[in-house]
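Please keep the viewer open as you read.

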Amino acid sequence: MPPPQFLELDDIHKRFAGVHALRGVDLSIREGEVHCLAGENGSGKSTLIKVIAGVHPPEEGRVRIGGSDLDPVTPLESIRRGVQVIYQDFSLFPNLSVAENLALNNEVEQGRRIVRWSRIRATAREALARIRRELPLHRPVGELPVADRQLVAIARALLHDARLVIMDEPTTALTQREVENLFTVIENLRAEGIAILFVSHKLREVLRISERLTILRNGSKVAEGPTTDFDERSITEAMTGRSVRDEKFHYTAGPGARPPVLEVEGLGRPPAYRGVSFRVDPGEIVGITGLLGSGRTELALGLFGLLPAREGSVRLDGQPLRIRSVEEALAAGIAYVPEDRLTEGLFLEQSIHRNIIASILPELAGRFGFLDFARARREVEEWIRDFGIATPNAEVPAQSLSGGNQQRVLLARWLARTPRVLVLNGPTVGVDVGSKEAIHQRLRALAAEGMAVLLLSDDLPEVVSNCNRVLLLREGRLAAEFDESVTEETLNAHFAETAGTAGV
Ligand SMILES: Nc1ncnc2c1ncn2[C@@H]1O[C@H](COP(=O)(O)OP(=O)(O)OP(=O)(O)O)[C@@H](O)[C@H]1O
Ligand SMILES: [Mg+2]
């Protein structure tokens, strides 16, 4: 007999000004089940999670948790029934220690007036023991890597007697190895009978970890069932309503056919990376990949002047270039798209329009400093159309967009500059499969116009299908280089080897 249903949603509707975000959605999750919620950007996944959490009360429909209806659905009642949501920002206190973050709520809930550190440490240890992890209890949470902060958030959720832990895109900011750790934690929770609902755009992860899945399209449920009934193709088709095929990129010019755009010689900023040499010709899309600690992000930040390199040299179109600041990088035509849209990227309260034109303002202002409004509007509208940014108009604030649509706005901002060298860090993190294709097409078109593109990514299918060369960094050094015939299997084998030498 299957375990009883823990959560049942029935015919849920939710509207925002002008947007019917959920149109009669049903969802059911059994006790101890790992359930995945899939759907394109803007299909209503985060909204559905907020309905369960009581953040957005539904306008119609029924929410049943633990066998009885919630009426009304409030955040407090949802938590009382055992629902814990781990949001993308984790809602932790960065300047408090791990132990304080873990134990604080308990102390307050139990109405303790006197803080006893021994008790706080004991609570914190107990929480971490349940996910079978050790973390430095006294360290401020803000100093921990993202993956560890996430573990603190999960451990804290368990202290509230969670029966269902919900994670919205929990793997987007994690490297492959950290994803493996998270999956082990999820397996352990499942073994304790705790259900998990999670959102991911990485279909391979979905297929591996979840037992059942529910697929949303445009605010409606279009499919559900045991994960074994699905494969990548059928999930994609259900999500998009069409079949999507990302074809492989071919670099037509051939190596050395044209003078290089970017030449990097012995570049270093020890201990992060050192002795890195490579060149990028016009029209090339060169992938840079490597595990956590490989130094690839630091290298990218070096090229963009955020963490200037201390050794070696850079030439741009044959001319020596010193990149000591972001201003110098931008002036030379180097653009960098950061991975973390939430903290580094967008001006959330500002309109989409402003976010996109932010980087080309000087250009639009022209010689006398007058803004060419008509041209700005045309440009912004082109980007919204090309990237399929789902919005009623360009004047709405970026924060009203779904996560994946925010990511596209960020990308549009940097591409609008048409730089000489474009450095992209995880450009399609959080973007659904159908739209990834559109973004990849756009990158290829830009490369074809002669731009040099550096693509940093953990997403091996993305690297393999879009790059004509792939550089592998290991512990700050270039460890291997592959041509366009490289396969995911080869790269994976190199990762395994790296993990082995690192003693993990
Ligand atoms: N606070 C809000 N105000 C106005 N519209 C909103 C708000 N929150 C969500 N929406 C709209 O509701 C729809 C569903 O958004 P939601 O964030 O649930 O999508 P999602 O499936 O989580 O997408 P993603 O994969 O990009 O994160 C979108 O059209 C979005 O613009
Ligand atoms: Mg979302």
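Start at Val 453: setting aside neighbours within four places in sequence, this residue is in contact with Glu 284, Ile 285, Leu 422, Leu 424, Leu 443, Leu 446 and Ala 447. Keep in mind as you click through these contacts that the model is a predicted one. As general background, nonpolar side chains tend to be buried together in soluble globular proteins.

The domain assignment divides the protein chain into domain 1 (5–240), domain 2 (256–333 + 419–504) and domain 3 (343–413). Note that domain 2 is listed in two segments, 256–333 and 419–504. Between domain 1 and domain 2, the C-alpha centres are 33 Å apart. Where the two meet, 13 residues of domain 1 are in contact with 12 residues of domain 2. On the domain 1 side, helix H6 (176–191) and helix H8 (232–240) each supply at least two of the touching residues. Sorted by class, that side of domain 1 has 2 nonpolar, 7 polar and 4 charged residues.

Next comes the ligand. Which residues come nearest to ligand 1? Of the 18 residues around ligand 1, they are Asn 41, Ser 46, Ser 402, Gly 403 and Gly 404. The shell takes at least two residues from each of strand S2 (19–30), helix H1 (45–52) and helix H15 (403–415). In terms of domains, the shell draws at least three residues from each of domain 1 (5–240) and domain 3 (343–413). Its make-up by class is 5 nonpolar, 12 polar and 1 charged residues.

Now follow some strands. S11 and S12 pair in the antiparallel sense over 5 bridges, and they form a hairpin with 3 residues between them. Here Arg 269 has Tyr 273 in S12 as its bridge partner. S11 is also joined to strand S14 (residues 311–316) by 5 bridges, again antiparallel, and Val 264 stands opposite Val 314 in S14. The loop between strand S11 (262–269) and strand S12 (273–280) contains Pro 271. Look at the backbone there: the peptide bond that joins Pro 270 and Pro 271 is cis, with omega about 0 degrees.

A cis bond also occurs from Asp 71 to Pro 72, where omega is near 0 degrees. Pro 72 sits in the loop between strand S5 (68–69) and helix H2 (75–80).

If you check backbone torsions, two residues with positive phi deserve a visit. Asp 161 has phi near 55 degrees, although the residue is not a glycine. Asp 161 lies in the loop between helix H5 (146–159) and strand S7 (164–168). Is Asp 161 buried or exposed? Asp 161 counts as exposed because it has 12 C-beta neighbours inside 10 Å. Glu 169, likewise not a glycine, has a positive phi of about 50 degrees, and its place is the loop between S7 and H6. Glu 169 has 19 C-beta neighbours inside 10 Å, so this residue counts as partly exposed.

A last stop is Arg 212, in strand S9 (residues 212–217). Arg 212 counts as partly exposed because 19 C-beta neighbours lie inside 10 Å. Apart from neighbours within four places in sequence, Arg 212 is in contact with Glu 33, His 35, Gly 225, Pro 226 and Thr 227. Arg 121, by contrast, is 91 residues apart from Arg 212 along the chain, and their C-alpha atoms are separated by 37 Å.

Technical notes
Residues numbered from 1 in each chain as written. Chains lettered and ligands numbered in written order. Predicted model: local features only at pLDDT ≥ 70, side-chain atom pairs only at ≥ 80, totals over all residues. Domains from an automatic or database assignment. Contact = placed C-beta atoms within 7 Å. Helix = DSSP H or I, 4+ residues; strand = E, 2+ residues; numbered from the N terminus. Nonpolar A, V, L, I, M, F, W, Y, C, P; charged D, E, K, R; others polar. Near = placed C-beta within 6 Å. Buried ≥ 20, exposed ≤ 12 C-beta atoms within 10 Å, placed from the backbone. Pairing = 2+ DSSP bridges.
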